[in-house]
Amino acid sequence: MKFINVAVVRFSVFLTLGILLAHFFPSFSRYLIFLSLFCFGMLVVLWWRGRKQLIPTVLFGIATYVCFLLIGYVNYQLRQPNAQPRHYSHVAFLDTTALFTLKVTAILKPDRYNQKYIAEVTGYNNRHTSGKVLLSVKKDSTGSKFTIDDLLLVHAALSETPGSLNPFQFDYAAYLRTLKVHHQLRIDSEAIVKRSKGDWSLRGSAESIRAHIISKLKQTSIGVEERSILQALVLGERNEIDPERYKAYAAAGAIHILAVSGLHVGILFLLLSQLLYPLCRLPHGALVRSILIVLLLWGFALIAGASPSVVRAVSMFSFFTFARASRRPTNSINTLFLSYMVLLLLEPLWLFHVGFQLSYLAVFFILWVQPFLFRLVHCKNIVAKKLWGIITVTLSAQLGILPLSLYYFHQFPGLFLLTNIVILPFLALLLAGGIVVIVWTLLDKVPNLVAEGYATAIETLNAFVDWVAGKEDLLFSNIPFSETQVLAAYVLIIVCILLLKKWSGKRVIKALAGILLFICVLFWEKHRASQQQLIVFQKNRHSVIAYSNASEMVLYTEDTSQGISSTFPVSTYRVGRRIDSVSEAMIPKLFAFRKQKILVVDSLGVYGVKDRIDIVILTQSPKLHLDRLIDSLRPDLIIADGSNYTSYVNRWKATCQKRKLPFYHTGARGAFILE
């Protein structure tokens, strides 16, 4: 029987803990490097003294775990800007125009007004530097889009990356930090001094190959919508997918097939394993087969754009391929954790990527739970056996990613099982067929019959997705799920699976403790959300104030007919605060919250009160003399929301600084919350 190497699992756990400690407690100290060296020295001494012992000592085990924890901590900290002597942040000043030399390293999805890229800062005012920035270029301000490896010389001012300005909002700045991006440059064509092509890179070659394939595909008879799905399935290019089509896939629980990741690489791995199986009959055929599989997988990663998610997935399956070829006693879980540990050693920031988390959790639960579920039902019919296999794989993967999916996406497709039963076999055909179509396209010999047949297959897939997405009653959305609930849910899932695999008194107690923990967390989250809260949202060109109490909320706006309660940022706030009932009303001129008097001054600039006011909220750019208002009302705080002109806000801020009065601008500091 193949064994599970518990040491590899434990090493991975302590490495992860070290990365998490460095992330949440970032006070870096170079003494940790010396502490790490000391622990490694102790580890070598303990190993030398006990190398002839069959069972290592407890001290040796503790020293080993501490070493892996310190490796995770130090490795993470060494990737931060303050630990890199050539990082541009040591010499650059915010909001000061300077000369930047940039090399484009990645192309991001554009927004309504800007093309977006990640660029390496190779120079700052003729000084050699390193580090990445977010580069936003105004659309239609340059003759063409940039490509990877382009060199740019620009005059621009460095600024902070945009963070979340409202509670429960996606923190884009935090996401960029996981990509080693800490600042941004916003430019137009006039800021570009020079543009040229940089040195060759593997990522740049991958992008050139993909762009060439896309240009060739546009010359075929495949329709625009079908071609966009093909590009997403095989090339990882999703920018051309219609937003409504994307929403339909999300509602059907099939969004994962539109992002090239572990699922696509896993299917390709199985297809290649079957196609190349005859090589195993030759001398050293198993090794040759493994090498070919790995080379073809990395070739697919190159064609798919060599994105981090694809590189991670191919790395993981490369470990599986060589582990199987070695024919040594091992276990798939060992290989999974070994690949996990190696990838985190190479790039610890990947731990905070959603795709990395979901991929490894899905594969782990498939390896751990699927064999147990598969043995519950004995199928003699080959078709029923294959169908039951797909069902158990789907259930295992969904169980593994369910808590994280609820936390990140706050929805659960009720027909996910039906969707995956139909789509998984279909996806294998589409993936294989898409690769064949692309090869034919590069040879300029795509038969119309093949192109039309593939387009018909994608149309069939889209029709099925539309049918599933149309069952809106079975899409459970707006599900609140916090970080604490995620941890409690995984504890509950693990103890329950252990109990189902083997019944014992201890495991029954653990399962009951897991249930009790999850219930306590639910009560705690409900209690925390029940606290009264007044919030002034940050929403450009709008004034939105809300009062929440338990599961009810009153939303104050300047126009109740706009339906702001179902739009951002109120919609995400409602989910995060577990709001069930919302009523809308016009913004009152004067109201009180927790014994504090709050005055709202709108565009008319009339406040009509003489009593002392604790907080003044300025909305809709009122034309007033702020000094007079301060002298008359003697407020403790002035708030300006997102509906005001920037010039007005700057003038009010200067007045408050002069009067030494606290000033709060939601556009700069985010939503104002009073509890």
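## Salt bridges in the predicted model

Arg659 and Asp627 join their side chains in a salt bridge, at 3.0 Å from N to O. This pair connects distant parts of the chain, 32 residues apart: Arg659 lies in helix α20 (residues 646-659) and Asp627 in helix α19 (residues 626-633). A salt bridge here is a side-chain nitrogen of Lys or Arg within 4 Å of a carboxyl oxygen of Asp or Glu. Helices (H or I, at least four residues) and strands (E, at least two) are DSSP runs, numbered from the N terminus.

The model is predicted: local features need pLDDT of at least 70, side-chain atom pairs count only at pLDDT 80 or more, and totals for chains, interfaces and linings use all residues. Residues are numbered from 1 along each chain as its sequence is written, and side-chain values use heavy atoms, leaving out hydrogens and water.

The salt-bridge count is 19. Two further pairs follow.

| Pair | N to O distance |
|---|---|
| Arg195 – Asp150 | 3.0 Å |
| Lys218 – Glu240 | 3.8 Å |

Arg195 sits in strand β7 (residues 192-197) and Asp150 in strand β5 (residues 150-160), 45 residues apart. Asp150 is buried, at 4% relative accessibility. Arg195 is partly exposed, at 37%. Buried means under 20% relative accessible area, exposed over 50%, and partly exposed in between (1.4 Å probe, protein chains only).

Lys218 and Glu240 are both partly exposed, Lys218 with a relative accessible area of 47% and Glu240 at 33% relative accessibility.

One network of salt bridges links Arg79, Lys180 and Glu347.
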